[in-house]
Amino acid sequence: MHIYLPIAEMSVNMFTLLAMGAAVGFISGMFGVGGGFLMTPLLIFLGIPPAIAVATQASQITASSVTGALGYWRRKALDFKLGGVLVAGGFVGTLLGVWFFNVMSRLGQLEFVIVVSYVTLFGIIGSLMLAESLKTMWATRRGVVPLSRRSGEHPWYLGLPWKMRFHRSKLYGSVIPIVTLAILIGFAGAVLGIGGGFILVPALIYLFRIPAAVVVGTSLFQILFTMMAATLLHAFTNQSVDVVLAMLLIIGGVMGAQFGARAGQNLKGESFRLLLAILVLGVGIRFAIDLVVRPQEPFSLVTVGARP
Amino acid sequence: MPRLLFAAAALAAVCASLAPAAAETLILSLSTHRVAITSTYTGSSIVVFGAIERDERTVARAAPYDVVITVRGPRRTTIVREKERVGPLWLNTSQRRFVDLPTYLAVLSSRPIDEIAGGAFLTRYRLGLDMQIATPGMEHLASEEPFREALLRLKNDQGLFTEEPRGVTFLTPSIFRAPITLPAVAPTGNYDVEVALFVDGAQLARQTTNFEVVKTGFEQATVTLAHDHAIFYGLGVVAMAVLFGWLATIIFRRD
């Protein structure tokens, strides 16, 4: 059954979108990530204009992170103080990101920026994740116990000024690197239509040694608020949020996430990270192929001018 | 005074010589003047009905009538971009702008246009798809050619530029019908329908009518809200997202 998307001005198959939402929701529930990094590219490949895909996806990530954050809050696995600092930085990043998005859109370079960012960002993050998980798997197989965190040993960036203590996260250090990270994630989120959980979670674990127990809940808290801000700003500045598309993606995503979460419980930690790394890298490679392989149709059309 | 009389006589003579050309009139009717976009809209079809009315004094034509219908959608600027190899990458390097180009074009005729009229007439009466997108004076620029071809090809793939050489059917020798197909991507706005009548390569009459494509009900309300009250629209979408996310925790609660 087809349904007309009023903002995208196109007719799409409702069940295709619901199924896509459910499939991505399943994966996101399984890995505890928002799934934006899969959904936005899928929407673009489906023919939805990139600007609308990115802006609308922000609302879908809002819905899925509400579900996730509430669950972690109930289990008290959420550090509000660290979350608050991350949200503050995230807001700044989102503002800059939406501004950049609109400028690139006016210049007609948005699609190119999105493709190149996916290739570089996903290529780098995916490779790092893959290397890390392979290393851990190799080490556990050989019976080497990975070094645990030693107290008193601090990376240099935590020694910068404006120190704060985060009890729940067992962290004492400068907020400058934390806010910087949050700004970057907020920026990438607004431009690429991703929550950034798959970057934020490993960053908090490896760069700030935040205990795994609170890290996912806290990152979901940050993603929730930055994506709410991104949805609002996109709706306000470029009118690219399609409410019908958003609703379909949210319904599909919410359903899929529930089953995904159940499937994820049976997954071992290391194979879990390996699979996620392969997924991220796969999306990056898929975009790289578009850039490198001779296109079947070298020409493309864009219609400009105000919509009535 | 005699000069004026002479002028009047000359004018009458000219009119008399033109009279056969004005002997036929076209009467048009569209199946609808308003295509409403609803939530299940997947495109639409409009039928043009036409009758050729002949002056009583005019003798019957030896050759059959030919009809060419040109439908033009709202005009926007369309940019055609071309990807070229830059090092290892394929990037958009060059582009051509087609300013004020109809977003939708359909040319329907009772038989192939080049059989109806010769090349000079095609240009003169602006008949056929090629003529619609030609920028005056730029038709023969070799560098434009690939972009014009790509424009026609890509728009045709979307169902936005179509040519139906036998799209006009004569029901009787003087009554015809032609279905205009609108794909779902056809933009909202005003569409002009121009009908031209030919006999033996000469134009006898030309008549225009129009229809509009509009969003209605929920679709229209959504667009108005999104554009005119963007902040409320944004808040509404966020509220909906939060509500659905929260509902999910209640419905699927496991602990």
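Predicted model: local features only at pLDDT ≥ 70, side-chain atom pairs only at ≥ 80, totals over all residues.
As a general point, the strands of a sheet pair through backbone hydrogen bonds, and the pairing may be either parallel or antiparallel.

The contact between the two chains draws on 43 residues from chain A and 48 residues from chain B. On the side of chain A that touches chain B, at least two residues each are supplied by strand 1 (2–5), strand 2 (10–13), helix 3 (50–74), helix 8 (212–237), helix 9 (243–264), helix 10 (269–292) and strand 5 (299–304) of chain A. Of the elements of chain A, helix 3 gives the most to this side, with 8 residues. By class, the residues of the side of chain A that touches chain B comprise 28 nonpolar, 13 polar and 2 charged.

Two helix pairs within chain A were examined in turn. Helix 1 (residues 14–31) of chain A packs against helix 2 (residues 36–45) of chain A at an angle of about 155 degrees, and their axes are 9 Å apart. Because angles over 145 degrees count as roughly antiparallel, helix 1 and helix 2 of chain A are described as roughly antiparallel to each other. The crossing of helix 1 and helix 2 of chain A is right-handed. M20(A), V24(A) and I27(A) of helix 1 of chain A make the contact with L38(A), M39(A) and L42(A) of helix 2 of chain A, and the residues of this contact divide into 6 nonpolar, no polar and no charged.

In the second pair, the axes of helix 6 (residues 176–192) of chain A and helix 8 of chain A come within 10 Å and cross at roughly 45 degrees, and helix 6 and helix 8 of chain A are therefore oblique to each other. Helix 6 of chain A passes helix 8 of chain A in a right-handed crossing. Here A182(A), G186(A), G189(A) and A190(A) of helix 6 of chain A meet Q222(A), T226(A), M227(A) and A230(A) of helix 8 of chain A, and the residues of the contact are divided into 4 nonpolar, 4 polar and no charged.

Chain B contains an open sheet of 6 strands, in which the strand order is 2-12-11-4-7-8 and the pairing is mixed. Strand 2 and strand 8 (161–164) of chain B are the edge strands, each pairing on one side only, and from one strand to the next the twist averages 15 degrees. Within chain B, strand 4 (residues 66–72) and strand 7 (residues 105–109) pair in the antiparallel sense over 5 bridges, with I69(B) standing opposite L108(B) of strand 7.

The domain assignment of chain B gives domain 1 (19–72 + 102–215) and domain 2 (216–249), and the C-alpha centres of domain 1 and domain 2 of chain B lie 40 Å apart. The contact between these domains takes 6 residues from domain 1 and 6 residues from domain 2 of chain B. On the side of domain 1 of chain B that touches domain 2, strand 2 (34–37) and strand 12 (202–215) of chain B are the elements that give two or more residues, and by class this side of domain 1 has 3 nonpolar, 2 polar and 1 charged residues.

Methods. Residues numbered from 1 in each chain as written. Chains lettered and ligands numbered in written order. Contact = placed C-beta atoms within 7 Å. Helix = DSSP H or I, 4+ residues; strand = E, 2+ residues; numbered from the N terminus. Nonpolar A, V, L, I, M, F, W, Y, C, P; charged D, E, K, R; others polar. Domains from an automatic or database assignment. Axes fitted to C-alpha atoms, helices over the stretch in contact; angles between N-to-C directions. Parallel < 35°, antiparallel > 145°, perpendicular 65-115°, else oblique. Left-handed = near helix turned anticlockwise from the far one by under 90°. Pairing = 2+ DSSP bridges.
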